[in-house]
Amino acid sequence: MRAADLHRQAFDVLVVGGGIIGCGVARDAARRGLRVALIEQDDFGSGTSAGSTRLIHGGLRYLEMLDFALVRLDLREREILLRIAPHLVEPLRFLLPFYNASSFTRFKMRVGMWLYDALSYDRSLEGHAMLSAAEARAAEPRLIADGLQGAAAYSDAQAALPERLCMENVVDAVAAGAVVCNHSKVIAAVVSEERIRGVRVHDLIAHREVEVTARVVVNAAGPWFDRAAGVLQPDTRARVRTTRGIHIACPNPPKQALALPSAVDGRLTFVIPWLGYAWVGTTDIDYTGDPSDVAATREEIEYLRRSVEPFVGGLGEVLFTNAGVRALVRREGHASAVTRSHSVIAEPSPVGLVSIIGGKLTGYRGIAEEAVNRVCRLLEVDARSTTAAEPLPGGRQDVGPEPALLSEPQRAHLQRLYGARRAEILQLVADRPELGHRLMEGEPDVGAQVVHAVRQEACERVADFVFRRSRLAFTPHRGRPALGRIAGIMREELGWSDVRTAEELARCRRLLDRTDGDHPTGGESFAEI
Ligand SMILES: Cc1cc2nc3c(=O)[nH]c(=O)nc-3n(C[C@H](O)[C@H](O)[C@H](O)COP(=O)(O)OP(=O)(O)OC[C@H]3O[C@@H](n4cnc5c(N)ncnc54)[C@H](O)[C@@H]3O)c2cc1C
C-alpha cells in the first residue's frame, strides 16, 4: 500500500523507521492485535541494518567493556533467532588468534572465553576450545605463522542477509494486519493538548502528503533518531551519537571467521566468510553527516588492510564496499568505548511518543518486545509478545507440498533467501513457466522472484530488488546484466511509463556505482539518489 492511501486511516501505533528494530516492533505489535502502520523513508532494511557486520553475536568486545548484561541479552537473542529464522541465521565458528601475546593476555583470553560460554548457558552451539599454533593454522591456513602462538575457537552466528530478516518481519506484520509503507517519510507530528495524535507523511513515490492518525508513535529511526525527533518533538537536545563503520568484500574467503585485534590500533576487527567473499570490517569514526550519504572512504579501506593483512596476508582486490552509521546512546569518550546497549523511553512530551535509541541487530527482537510492552501500557492493552516462540514466515516447518520445479542449486538458493516461502516462488513458476527463466546468465535468480517481490514484499524500485529482495548486488557483477530484465518485469507489474523505467534503472546504477570497490566516494552527497 502507498502512504498516500492512508489518508483518514486510524492506527493504534505508527512506527517511524523500517530498519530491523522498526520492522520488529511492527511484527510484535501486529501479532498482539494492535492496528499498526510502519512508515519507512527509503526501503525496509536499507539503513544501518544493511550496513552491519551481519553477526548475530554477544560480542567479545562488550565483554572486554564488562557490559555483561548486554552480552547476556544478545546471547539469549542469538539462540532465539537461530530457532525462529534458521534459514537466515546460521552458526559461525570463529578463531581469535594470538600473536606475540604475554602469558597474562592469554590468561585473560581464556577467562573471557570461559565467561562467554557461561553467559550463553542456554546455547545450542559448540563451546570454546583453545588451539595450539599448529591447530590454528590447520583450521585456518591463511593465518600467518610468524609469531602465532595459538588461538581461541568459539561460536557465534551470522545473518548473511539482514535485509531479508527485516523483510520477514514485515511479511509477518502484514499477515497479522499491519499496513506497511516504504519510500514514505514522516515529516511532522500532529499534536494537540500535549498528546500525539498522528503524523504527516510525505509519500516520495506518489509525491503527496497525508495526515495519518495514531494513538502512539514509535521513533525507531536508528541513526536518523535526532532528525526524526526534531519533527516529532521539536526543541529536544541531541540524544544520539552517530559513528560510521565500513566493510569491504574481497576475494578468497577464510575457512573460519577471524576476530583479529587490529595491527594498527588493537581494535577488534573481523575477516569473515560471507557469500563467497572475505568480508572485512569495521571502522568506528564519529560521523555527523546525513546517514543517507554514508559511504566508505579510501582512508578507511586502507586502515582495514593495514589492520588485518599482517595476520592473513594480502586481501587482494576490493570488489565492493558498504557503510553504515551506528546510533549510540549519547556519551563522550572514544566511539569504540561507548556502550551498545539501548534505551526505550515513553516521552513525557508529547504523551504517546515512544523513543528507541541504540541497540544491535542481534538484540532487535527483544528491544522490539520491550518497546511494544511500553506501547501496550500507554494504550492500556494487556497482550503478550509471541515473537520469541513463533518462527518467522520462512522459518516455519508446517508448509505443504511445493511444485518440483527449477534445478536443485536454484531451489537451494531460494531456500537460503525465502526459507519455506520459496514455495510461493515455485508456485508462480508453475502458473507462468516463463517466470522460471533466469534473470541473467550464471546466477540462479528467476523472473518469478521479481513478481513475488512486487506483489508480496512491497518492492517499489529496481534497487529494492537488487539490494534487498535478492542478493544480486552482492555478486561480482553486482546484478548489472539483470537490470533491464528486472525493470521490464517491474514495469509490467506496476504499470511504469518509459520515463519512470529509465529513472529507476539510472537510480539503481548510481547506487551500485557508489559501492563499487574501486570507487570509494565517502563525503560526496547522495541525497538526490
Ligand atoms: C558498521 C556497523 C557494524 C555493525 N555490526 C553489527 C553486528 O555485526 N551485529 C549486530 O548485532 N549489530 C551490528 N551493528 C548494529 C546494527 O546494525 C544496528 O544496531 C541496527 O541495524 C539498528 O537498526 P535500526 O532499525 O535501529 O536502524 P536502521 O536500520 O538504520 O533503521 C532506521 C530506519 O529509519 C528510517 N527513517 C529515518 N527517518 C525516517 C523518517 N522521518 N520517516 C520514515 N523513516 C525514517 C531510515 O530510512 C532507516 O531505514 C552494526 C552497525 C554498524 C554501523
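Start by selecting arginine 54, in the loop between β2 (36-39) and β3 (55-56); strands here are DSSP E runs of at least two residues, helices are H or I runs of at least four, and both are numbered from the N terminus. Arginine 54 has a phi near 75°, a positive value in a residue other than glycine.

Before moving on: this is a predicted model, where local features need pLDDT of at least 70, side-chain atom pairs count only at pLDDT 80 or more, and totals for chains, interfaces and linings use all residues. Residues are numbered from 1 along each chain as its sequence is written, and side-chain values use heavy atoms, with hydrogens and water left out.

Next, the backbone again. Most residues other than glycine have a negative phi, and most peptide bonds are trans. Go to glycine 281 and threonine 282: the peptide bond joining them is cis, with omega about 0°. Threonine 282 sits in the loop between β14 (277-281) and β15 (285-286). Then pick serine 349 and proline 350, joined by a cis peptide bond with omega near -10°. Proline 350 is in the loop between β17 and β18.

Stay there and show glutamate 347 with arginine 239. Their side chains meet in a salt bridge at 2.7 Å, N to O (a Lys or Arg side-chain nitrogen within 4 Å of an Asp or Glu carboxyl oxygen). Glutamate 347 is in the loop between β17 (343-346) and β18 (353-357) and arginine 239 in the loop between α7 (225-232) and β11 (240-250), so the pair ties together parts 108 residues apart in sequence. The structure holds 42 salt bridges.

Now the helices. Select α3 (residues 68-84) and α4: their axes come within 9 Å and cross at roughly 55°. Axes are lines fitted to C-alpha atoms over the stretch in contact, with angles from 0 to 180 degrees between N-to-C directions. α3 and α4 are therefore oblique to each other (under 35 degrees is roughly parallel, over 145 roughly antiparallel, 65 to 115 roughly perpendicular, the rest oblique). Phe68, Val71, Arg72, Leu75 and Arg78 of α3 make the contact with Leu115, Tyr116 and Leu119 of α4, contact meaning heavy atoms within 4.5 Å.

For another pair, take α6 (residues 162-175) and α13 (residues 462-469), whose axes come within 9 Å and cross at roughly 110°. That makes α6 roughly perpendicular to α13. Show Glu163, Arg164 and Met167 in α6, which meet Phe467, Arg468 and Arg469 in α13.

Last stop: phenylalanine 107, in helix α4 (residues 103-119).
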